[in-house]
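My notes follow in the order I took them.

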Amino acid sequence: MAEDMKQAALDYHANPKPGKISIELTTPADTARDLALAYSPGVAEPVREIAKDPENAYKYTAKGNLVAVISNGSAILGLGNLGALASKPVMEGKALLFKRFAGVDSIDIEVESESPQAFIDTVKRIANTFGGINLEDIKAPECFEIERALIEQCEIPIFHDDQHGTAIVTVAGMLNALELAGKDIATAKLVCLGAGAAAIACTKLLISCGVKPENVSMLDSKGVIHSGRTDLNEYKAAFAIDTNKRTLDDAIEGADAFLGLSGPNLLSSDQLLKMAENPIVFACSNPDPEINPDVAREVRPDVIMATGRSDFPNQVNNVLGFPFIFRGALDVRAKVINEEMKVAAAHAIRELAKEPVPQDVLEAYGADALEFGTEYIIPKPMDVRLLGVVAAAVAKAAVDTGVAQLPYPANYPLKSVDDI
């Protein structure tokens with residue numbers, strides 16, 4: 001990052017007050033009577049009601065619109081294991097996005113934990129405070145164990161955004177890219193470079209949407225994950241295929257799509273040339289993708305390209321998903337965020353890209369026009385319509401699959417956060 005941007009980022013976080021979030025009051029606290037209602041003696045009444053029926057916590061407290069963003073700091077962005085406290089700016093940023101885009105109140109919690117079990121125990125003990133929990137920046141494979149245990153032990157939605165948020169937005173873009181490239185999802189050959197949390201979640205969701213497992217070649221730092229390997233953990237082993245391919249150079253031959261969730265400059269021009277006609281390349285390593293889009297287009301003018309960066313077309317950005325996924329889940333009081341809700345979110349994002357783009361979105365991005373095509377396969381984060389379509393799709397899927405505890409909301413689809 002340029003020096004001026006570094007200082008700007010530091011100034012942004014320091015001023016006008018340190019950090020990016022604060023607490024606001026939602027009820028009057030101006031008179032003696034207000035204080036008597038807010039605290040003693042009035043507060044005793046909702047306490048008694050919640051003691052009678054825990055569901056009353058949703059009626060008398062902020063629980064129903066409150067999400068915790070929780071990390072142990074073991075995998076902060078692309079910076080690695082820098083500790084829980086160092087993750088706080090990222091977790092506050094996530095809370096900012098929840099509020100800005102979906103009106104969800106959010107608080108960050110950084111957990112110093114000596115083991116996955118210690119983290120699980122800590123989060124489990126505080127989970128009832130919240131309507132949902134967004135796990136963030138937790139390294140693999142610990143993140144799988146942590147999320148699975150918390151889903152089993154808690155009765156609120158537990159969602160590891162590095163896995164599922166990434167997967168939902170990636171799948172939305174990939175489905176549109178396959179359509180534009182004229183490729184059948186049932187026969188398309190996919191190479192996934194990377195076998196961490198995001199890669200595994202993306203591949204799982206793509207399979208849920210129709211990709212055939214036998215058509216997926218996943219690679220970790222040791223090469224293709226194949227059935228002959230004996231060094232695989234249970235999460236990687238699920239993607240082992242019977243193949244004689246061992247390297248990226250082998251796997252990329254004739255591939256229809258490449259999904260990179262690994263590191264910079266790991267896909268070469270020569271390898272891109274080996275891909276099938278109208279290749280799809282999602283080079284999502286940040287800030288430096290697996291192949292530079294300008295290089296990719298020069299080598300393969302027929303490529304459909306996406307990255308994690310905002311300065312190129314087709315940014316794969318989690319903010320297209322997680323705020324609205326939680327909005328829909330909270331509004332029907334879903335017990336979990338299941339596979340059907342994730343698939344519904346992906347399809348909602350996908351279909352929105354095919355709609356005419358409003359003028360305010362064009363102005364926000366300094367564009368004269370945006371329309372569905374190879375340079376626009378997923379919506380822009382500032383598109384307020386995401387709130388309505390994604391939350392609605394998630395809420396409906398929760399109701400349809402029996403994990404919702406409230407009916408589909410009467411005020412849906414939402415037009416803006418003012419409708420909440």
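**Entry 1: α14 on α17**

I started with the crossing of α14 and α17, which is right-handed. For handedness I used this rule: a crossing is left-handed if the near helix is turned anticlockwise from the far one by less than a right angle, and right-handed if clockwise. Helices are DSSP runs of H or I with at least four residues, strands are runs of E with at least two, and both are numbered from the N terminus.

This is a predicted model, where local features need pLDDT of at least 70, side-chain atom pairs count only at pLDDT 80 or more, and totals for chains, interfaces and linings use all residues. Residues are numbered from 1 along each chain as its sequence is written, and side-chain values use heavy atoms, with hydrogens and water left out.

I then looked up the geometry. Helix α14 covers residues 322–331 and helix α17 covers residues 385–400; they pack at an angle of about 50 degrees, with axes 7 Å apart. That makes α14 oblique to α17. The cut-offs: under 35 degrees is roughly parallel, over 145 roughly antiparallel, 65 to 115 roughly perpendicular, and the rest oblique. Axes are lines fitted to C-alpha atoms, for helices over the stretch in contact, and angles run from 0 to 180 degrees between N-to-C directions.

Which residues meet here? From α14 I listed Phe324, Ile325, Arg327, Gly328 and Ala329; from α17, Leu386, Leu387, Val390, Ala391, Val394 and Ala395. Contact means heavy atoms within 4.5 Å. By class, this contact has 9 nonpolar, 1 polar and 1 charged residues. Ala, Val, Leu, Ile, Met, Phe, Trp, Tyr, Cys and Pro count as nonpolar, Asp, Glu, Lys and Arg as charged, and the others, Gly among them, as polar.

**Entry 2: α15 on α17**

I stayed with α17 and turned to α15, residues 339–352. These two helices pack at about 150 degrees, with their axes 8 Å apart. They are therefore roughly antiparallel to each other. Their crossing is right-handed. On the α15 side I found Glu340, Met341, Ala344, Ala345, Ala348, Ile349 and Leu352; on the α17 side the contact includes Arg385, Val389, Ala393 and Ala397. The contact splits into 13 nonpolar, no polar and 2 charged residues.

**Entry 3: α5 on α14**

I went back to α14 and checked its packing with α5. The angle is about 65 degrees and the axes lie 9 Å apart. That makes α5 roughly perpendicular to α14. The crossing is right-handed. Lys94, Leu97, Phe98, Phe101 and Ala102 of α5 meet Phe322, Pro323, Phe324, Phe326 and Arg327 of α14. I sorted these into 8 nonpolar, no polar and 2 charged.

On a 1 Å grid over the protein atoms alone, a cavity is a set of points where a 1.4 Å probe fits but cannot get out; a pocket is an open set with protein on both sides within 12 Å along at least five of seven lines; lining residues have an atom within 4 Å of a point. Grid points are joined across faces, edges and corners, and a volume is the space filled by probe spheres set on the points.

The largest cavity holds about 50 Å³. Its lining is Met174, Leu178, Ala188, Leu190, Leu206, Val211 and Ala257. That lining has 7 nonpolar, no polar and no charged residues.

The second largest cavity has about 40 Å³. Among its lining residues are Tyr58, Glu155, Ala329 and Arg333. The lining divides into 6 nonpolar, 1 polar and 2 charged.

I looked up the second largest pocket: about 1,000 Å³. Of its 30 lining residues, Ile23, Glu24, Leu25, Thr26 and Ala62 are the closest to its centre. At least two lining residues each come from α2, α3, α4, α5 and β2. The lining has 18 nonpolar, 6 polar and 6 charged residues.

**Entry 4: backbone**

Most residues other than glycine have a negative phi, and most peptide bonds are trans. I noted these exceptions. The bond from Ser40 to Pro41 is cis, omega near 10 degrees; Pro41 sits in the loop between α2 and α3. Asn286 and Pro287 are also joined by a cis peptide bond, with omega about 0 degrees. Pro287 lies in the loop between β9 and α13. Asp137, not a glycine, has a positive phi of about 50 degrees. I placed Asp137 in the loop between β3 and α7.
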